[in-house]
Amino acid sequence: MGARTSKSRQPIPESSSASSSSPWMDLQPDLVELILRCLTSHADRVRFAAVCRHWRFVAREYSVSRLPPALPWISFRGGQMETLTLKDGDVGERHFIGFREEAVRHGSFGNWQMFQEKAVTGRWRSRHHRHYLRNPLSGATVLLPGHCKKPMHLNEDGSHGKPSIWQTSFDFDISKVIVCSDDLIAAIVLYHRHPMATREVVVCCRPGMSSWSRGLYNIDHYYVDMAFYDGKLYTVTREGRLFVHELAWSGRSTKAKPRVNQILEVSLAAPASLGGFFTSPFSNMSCYLVISNTGKLLMVRWVLPYGNSSVAVKVFQADFETSQWLELKRLDGQVLFISPNCSKAISTSGHGGYPKGNRIYFLDYSLTRSCFPNTYYYTCLYYMRSKKFDPISVGQDISYAWDAAWFFP
């Protein structure tokens, strides 16, 4: 895509010393915009605006919504984040962003990072941890509830069982969190010391609530990913079963509290390629939900069949009108970045520095180890056309990298 021109441009402010202090002031605005569009890293775009006043003015006029999206960073548990320049699987320069030593990073979700810190609240609450979300670029912080109500069993007829005798819990982990809107935050939590400690439950809250809502659990549901799509919460199991979590709000409108009121399985007919070893309980597999750049709900599945050494990858698009999964052979101008914490589709650009289309970048330790069992890689690139994998090394110690996630600035 070429440089964008506009007849409504305002004249660029002049500086009395600009012509003598910076030769870059002589570049025409269209050429400066072309340079800006070639920058794939958020860090480079920040540097771009610092070159001179002329470039800073162009950067401000050329809004973020009109730029190709910046490539994601890799976020590590230790708090470091590395910016990548992905050219056929190569890794570019690295930058590091630290955080407070008393906090531990527990995931990266979109442009948010979740931290957990010990709360000094007395002898009997030494296990109580406070979670909060923070955007390391803007500095915005969202406090998350420190309590989580014990879940109720979801019966086969849709009715709810009795709540646990312990009404709230301090002892739980958050495996995924989504900031759905200004009034709704959803999370997948895992309770400790509970009969359902091996199952994860979807809960929700609004900012300012002291406790997460009471979740519903079913022994047959083991969620591996969650997505907020078209105003609804969806989860998927490792076998590819899709569920929608219906929300209800209680209380006054200004302080209404959200909760999951019902869980329904979405009946989408699976294509033939989803059968066979893809549904074998002995296969190593996982599923991810991601929203395409055209606004469609996608499911990315990988599987290492039992007794096989080759990993298979399938991408499906949910067609709710015909109630079926449609297998995609091509991604048509988009690249998928997949990780357990956060996944996203990014449109490819005609400018240099952007990865080509029809590729999937997996930040998945289990998958990469299945593809390259005798190496220490944890990131890999999958080519949709050739169905081949390439490992990507980012040079981090494996103890810090096993739970790395994409961060989208």
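This is a predicted model: local features need pLDDT of at least 70, side-chain atom pairs count only at pLDDT 80 or more; totals for chains, interfaces and linings use all residues.
Val189 counts as buried, at 0% relative accessibility. Val189 belongs to strand E11, which covers residues 184–191. Its C-alpha lies 5.5 Å from that of Asp173, although 16 residues separate Val189 and Asp173 in sequence.

Let me turn to the chain as a whole. Six helices and 28 strands make up its secondary structure elements. The chain has 409 residues, and 49% of them count as buried. Among contacts with a separation of 6 or more, 52% are between residues 24 or more positions apart.

I come now to Asp225, in strand E15, residues 223–229. Is this residue buried or exposed? Asp225 is buried, because its relative accessible area is 0%, below the 20% cut-off. Which side chain does the side chain of Asp225 meet in a polar contact of 2.5 Å? The partner is Lys176.

As a general remark, nonpolar side chains in soluble globular proteins tend to be buried together. Here the largest nonpolar core has 23 residues, and Val300, Ile360, Phe362 and Phe389 have the most contacts inside it. Two or more of its residues come from each of several elements, among them strand E19 (284–291), strand E25 (359–362) and helix H5 (365–371). Strand E20 gives the largest share, four residues.

Of its 27 lining residues, Gly110, Ile178, Cys342, Ser343 and Lys344 are the closest to its centre. Which element supplies the largest share of the lining? Strand E10 does, with five residues. At least two lining residues also come from each of E15, E19 and strand E24 (344–347). By class, the lining has 18 nonpolar residues, seven polar and two charged.

In H3, residues 42–49, the buried residues are Ala43, Arg45, Phe48 and Ala49. They pack against helix H2 (29–37), helix H4 (53–61) and strand E1 (73–75).

Finally, two backbone details. Most residues other than glycine have a negative phi. Asp230, which is not a glycine, has a positive phi of about 55°, and Asn358, also not a glycine, has a positive phi of about 60°. Asp230 sits in the loop between E15 and strand E16 (232–237), whereas Asn358 is found in the loop between E24 and E25. Asn358 counts as buried because its relative accessibility is 16%, under the 20% limit.

How values were computed. Residues are numbered from 1 along each chain as its sequence is written. Side-chain values use heavy atoms; hydrogens and water are left out. Buried means under 20% relative accessible area, exposed over 50%, partly exposed in between (1.4 Å probe, protein chains only). A polar contact is a pair of N or O atoms within 3.5 Å; within protein, one must be able to donate a hydrogen and the other to accept it, and residues adjacent in sequence count only if both atoms are side-chain atoms. A nonpolar core is a set of buried Ala, Val, Leu, Ile, Met, Phe, Trp, Tyr and Cys residues joined through side-chain atoms within 4.5 Å. On a 1 Å grid over the protein atoms alone, a cavity is a set of points where a 1.4 Å probe fits but cannot get out, and a pocket is an open set with protein on both sides within 12 Å along at least five of seven lines; lining residues have an atom within 4 Å of a point. Ala, Val, Leu, Ile, Met, Phe, Trp, Tyr, Cys and Pro count as nonpolar, Asp, Glu, Lys and Arg as charged, and the others, Gly among them, as polar. Contact means heavy atoms within 4.5 Å.
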